[in-house]
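Welcome! Let's take a look together at some charged pairs and a greasy region in a protein model.

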Amino acid sequence: MTSTTTSRTARPTTTPVPDNTLAGTPGTPGTPGTPGTPLTTTTRPRAAGRPARTRALVDDAVAALARGLARHSVTALRIALGLVFLGFGALKFFPGVSPAADLAQRTIGELTLGLVGPTAALLLTAVLETVIGLTLVTGRFLRTGLVLLAGALVGIMSPLVLFFDELFPAGGPTIVAQYVLKDVVLAAAGAVIAAVALGARLRLPGE
């Protein structure tokens, strides 16, 4: 007796994906995360473009600021320094008005070995500082004014040597000492202005 077997062809058991399905199930070809299927990411051009545009605007603003400073900062420094000297010099024309009048009189007296009296010393200081201020503010006769400024700074800073014990007692620097010490800023500003007057220029990278 011969037995016969009927072979049945295996049918795939995969479930068809409905048309309204956005993505396949994991493990099926074409589904992100399935081996052999490249991962894809979605980007939003508008959101990605905003930081780039913001950085571009910031860079343009910084570049414009740098150009403005390169062109006008030294001129502003010159005028500001001139106004300081002009104001301090004008005050010395009126006795008892300038808080530095007594220090100026004593300093000039020490530097000239007593040849210049207090009244003449104060008037000389007033004229010198006023002339320096006018040359710096207007920009006319600037090199002459810078030479006068260099000489004036020697006199302005000399109290630190001539009256050191008086300006720096055991308790620390006095108000007058602090008044004199801040003049190092004026000296540094004068050096920058002199450098530009002699031909130096501020340059941006690439210029």
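## A neighbouring pair

Lys 182 counts as partly exposed, at 32% relative accessibility. That label sits between two cut-offs: buried means under 20% relative accessible area and exposed means over 50%, worked out with a 1.4 Å probe and protein chains only. Asp 183, with a relative accessible area of 4%, is buried. The side chains of Lys 182 and Asp 183 meet in a salt bridge, 2.6 Å from N to O. The term salt bridge means a side-chain nitrogen of Lys or Arg within 4 Å of a carboxyl oxygen of Asp or Glu.

Before going on, a word about what you are viewing. This is a predicted model, where local features need pLDDT of at least 70 and side-chain atom pairs count only at pLDDT 80 or more, while totals for chains, interfaces and linings use all residues. Residues are numbered from 1 along each chain as its sequence is written, and side-chain values use heavy atoms, leaving out hydrogens and water.

## Bridges across the chain

How many salt bridges does a search of the whole structure find? The search finds three. One of them joins Glu 129 to Lys 92, with the closest N and O atoms 3.1 Å apart. This pair links distant parts of the chain, 37 residues apart: Glu 129 is in helix H3, and Lys 92 is in the loop between H1 and H2. Helices here are DSSP runs (H or I, at least four residues), numbered from the N terminus.

Are Glu 129 and Lys 92 buried or exposed? Glu 129 is buried, with a relative accessible area of 8%, and Lys 92 is buried too, at 6%.

Arg 106 and Glu 166 also form a salt bridge through their side chains, at 2.7 Å from N to O. Arg 106 lies in helix H2 and Glu 166 in helix H6 (residues 164-167), so the pair links distant parts of the chain, 60 residues apart. Arg 106 is partly exposed at 30%, and Glu 166 is partly exposed at 43%.

## A nonpolar patch

Now for the surface. Val 84, Phe 88, Leu 91, Phe 93, Phe 94, Val 97, Leu 123, Val 127 and Val 131 form a nonpolar patch there, with about 700 Å² of accessible area together. Patches consist of residues with over 30% relative accessible area and no salt bridge; nonpolar side chains (Val, Leu, Ile, Met, Phe, Trp, Tyr) are joined within 5 Å, and like charges within 9 Å. Accessible areas come from the Shrake-Rupley method with a 1.4 Å probe, and for residues only the protein chains shown count as cover.

Helix H1 (45-91) and helix H3 (118-138) each supply at least two residues of the patch. Val 97 is found in the loop between H1 and helix H2 (101-111), and Val 97 is partly exposed, with a relative accessible area of 45%.
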